[in-house]
Amino acid sequence: MAFVITRPCCNDASCVSVCPVNCIHPTPEEPEFRTAEMLYIDPESCIDCGACVDACPVGAIFPDGELADEDEPYLRLNADYYLDHDGEAGEAPLRRVPKLPDGDVYIAVVGAGPAAFYAAEELVRFGSVQVDMYDRLPTPYGLVRAGVAPDHAATKAVERTFASTERKKNFQYRLDVTVGRDIMLDELADRYHAVLHASGASTDKKLGIAGEDLPGSVAATEFVAWYNGHPDHADDVYDLSSHRAVIVGNGNVALDVARILLTDPDELASTDIAQHALEALRASSIREVVILGRRSIADGAYTNSEFLSIGLVDGVDVVVDDDDLTVSPQIAAQLDDGTVDTTIGSKVRLAREYAANGTHSADRRVVFRYLSAPTEVLGDSTVTGVRVVRNGYDAQGRVCPTDETSELSTGLVIRSIGYRGQVVDGLPFDEATGTVPNHAGRVVNTEGEHLPGQYVAGWLKRGASGGIGTNRFCGQETASVIVEDIVGGALPTPSLSRDDVVAMLASRGVLPIDGGGWSNIDKAERTASRAVGSVRRKIVTIAKLREAAAGPIPG
């Protein structure tokens with residue numbers, strides 16, 4: 001018997017570090033780790049010790065003999081990975097912890113999402129390192145709270161890892177504080193040895209086509225924030241009265257949005273979905289979601305696990321037409337001779353399996369259209385449809401448009417083609433990549449010189465790609481260079497004490513929410529959830545979050 005990693009895999013690699021025979025790959029030391037869809041257990045090397053089960057923060061690992069029916073495909077996905085990857089079994093390398101010089105070190109972390117927390121987790125291992133975490137919202141956890149789909153509860157379980165960090169004595173929150181408005185970067189730099197920027201990438205990329213700014217054409221970033229109860233979007237209103245919605249882009253976020261639009265609201269009611277979104281979805285007329293991808297089935301931007309999971313939504317058919325099974329000549333040749341990468345091969349196989357299932361009897365469906373790109377969002381005062389061009393391949397195997405066009409009627413177009421970072425006042429910024437220039441997390445200027453005491457992690461560091469596991473590697477990498485700079489004496493000495501920050505903010509009318517305040521919010525949301533039978537009933541306005549943070553009124 002061997003163990004198998006299944007869909008909730010978050011790639012955070014906790015399992016890798018405890019495996020005694022190094023049979024879980026890719027590891028953070030392997031180049032492929034940064035782009036891997038998930039981790040895989042080598043069934044030939046696994047010794048059935050079960051250490052990985054306890055280490056997994058999201059409960060994604062099971063014995064192969066105890067898999068649920070819907071998880072059976074992961075037996076093959078795990079084994080197939082090792083058809084063209086070497087799983088060199090052996091003892092996992094020991095991790096050496098450096099000794100820091102005497103004296104306390106103060107670090108401000110700006111942002112409270114996964115990359116910020118994984119960096120903080122590494123830093124607070126050292127008792128002399130004091131971490132203050134700032135975030136503009138009254139709640140922490142970033143996209144785990146406001147981005148992960150409500151029906152992916154297992155993925156959200158990674159919050160337990162973050163909670164263990166926030167309980168450390170050398171960690172404290174300063175939430176509901178906007179760096180760059182309530183406190184400036186130079187004021188932080190005066191009071192901390194280092195400032196780690198991990199505020200993510202919160203804006204959407206544009207399509208650059210006519211009509212995309214019409215009412216009814218919306219960014220997935222905003223739609224996801226709406227159904228997840230983000231305070232910035234709690235008052236948003238979406239027209240769900242049309243029969244069809246069209247999503248442009250076919251990454252994991254696109255599939256999340258499609259699932260939320262099509263899943264029976266009674267099933268969503270037990271999740272942490274925002275109540276205003278649940279009520280809107282109960283009244284929704286949407287019964288079909290069309291997902292447009294400009295490239296072929298071999299190039300789907302989604303992960304195979306997400307592609308599998310959308311086929312498990314009750315009452316929803318997954319439709320892939322035979323005409324959409326075209327792949328590039330190069331991929332076709334690799335499929336024929338058996339040299340295709342296993343991840344790509346699995347994408348093709350799954351798409352073909354969906355296409356082969358010709359029985360579509362459900363009243364709701366998600367339609368995947370490949371080699372299809374929007375050229376115009378149609379409508380006068382509001383969206384009425386999308387004009388789509390069919391793509392093909394040129395002689396070099398590159399995607400290019402054909403003369404074939406079609407129109408899809410719809411009242412809702414959701415753009416899901418990626419996120420990008422925003423300028424951080426006081427730091428250099430690369431407009432082309434939407435990132436802060438850096439070397440392994442050290443912020444650098446236009447001459448490539450490190451700006452002392454300034455660091456970056458997460459999407460702001462590398463661009464909006466990768467999930468929770470990638471952010472763990474990224475955050476740990478930045479933390480390691482901060483530790484390296486502590487040991488090397490490269491951090492600047494603060495000119496002022498960070499002890500005056502709270503008083504300084506108070507003088508500006510800003511009252512930070514600390515760990516106790518967040519605990520009160522957490523308790524209030526969980527208590528309220530009991531009345532509606534959900535795991536959490538999110539508070540979605542800043543005013544009510546602050547009220548909850550203050551705690552119940554005595555008496």
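Contact here means heavy atoms within 4.5 Å, and axes are lines fitted to C-alpha atoms, for helices over the stretch in contact, with angles running from 0 to 180 degrees between N-to-C directions. The model is predicted, so that local features need pLDDT of at least 70 and side-chain atom pairs count only at pLDDT 80 or more, while totals for chains, interfaces and linings use all residues. Residues are numbered from 1 along each chain as its sequence is written, and side-chain values use heavy atoms, with hydrogens and water left out.

View A. Helices (H or I, at least four residues) and strands (E, at least two) are DSSP runs, numbered from the N terminus.

View C. Strand 12, residues 288-292, is mostly covered, with five of its five residues buried, where buried means under 20% relative accessible area, exposed over 50% and partly exposed in between, for a 1.4 Å probe and protein chains only. Glu-288, Val-290 and Leu-292 point one way from the strand, whereas Val-289 and Ile-291 point the other way. Strand 11 (residues 244-248) pairs with strand 12 in the parallel sense over five bridges, and Val-248 has Leu-292 as its bridge partner. Strand 12 is also joined by five bridges to strand 14 (residues 364-369), the two running parallel, and here Leu-292 stands opposite Arg-369.

**View D. Strand 13 beside strand 14.** These strands run parallel and are joined by five bridges, with Val-316 standing opposite Arg-364 in strand 14.

View E. Arg-259 lies in helix 10, residues 252-262, and counts as buried because its relative accessibility is 3%. The side chains of Arg-259 and Asp-256 are joined by a polar contact of 3.0 Å, a term for a pair of N or O atoms within 3.5 Å; within protein, one must be able to donate a hydrogen and the other to accept it, and residues adjacent in sequence count only if both atoms are side-chain atoms. When neighbours within four places in sequence are left aside, Arg-259 is in contact with Ala-149, Asp-151, His-152, Glu-306, Ser-309, Ile-310 and Val-313.

Notes. Pairing = 2+ DSSP bridges.
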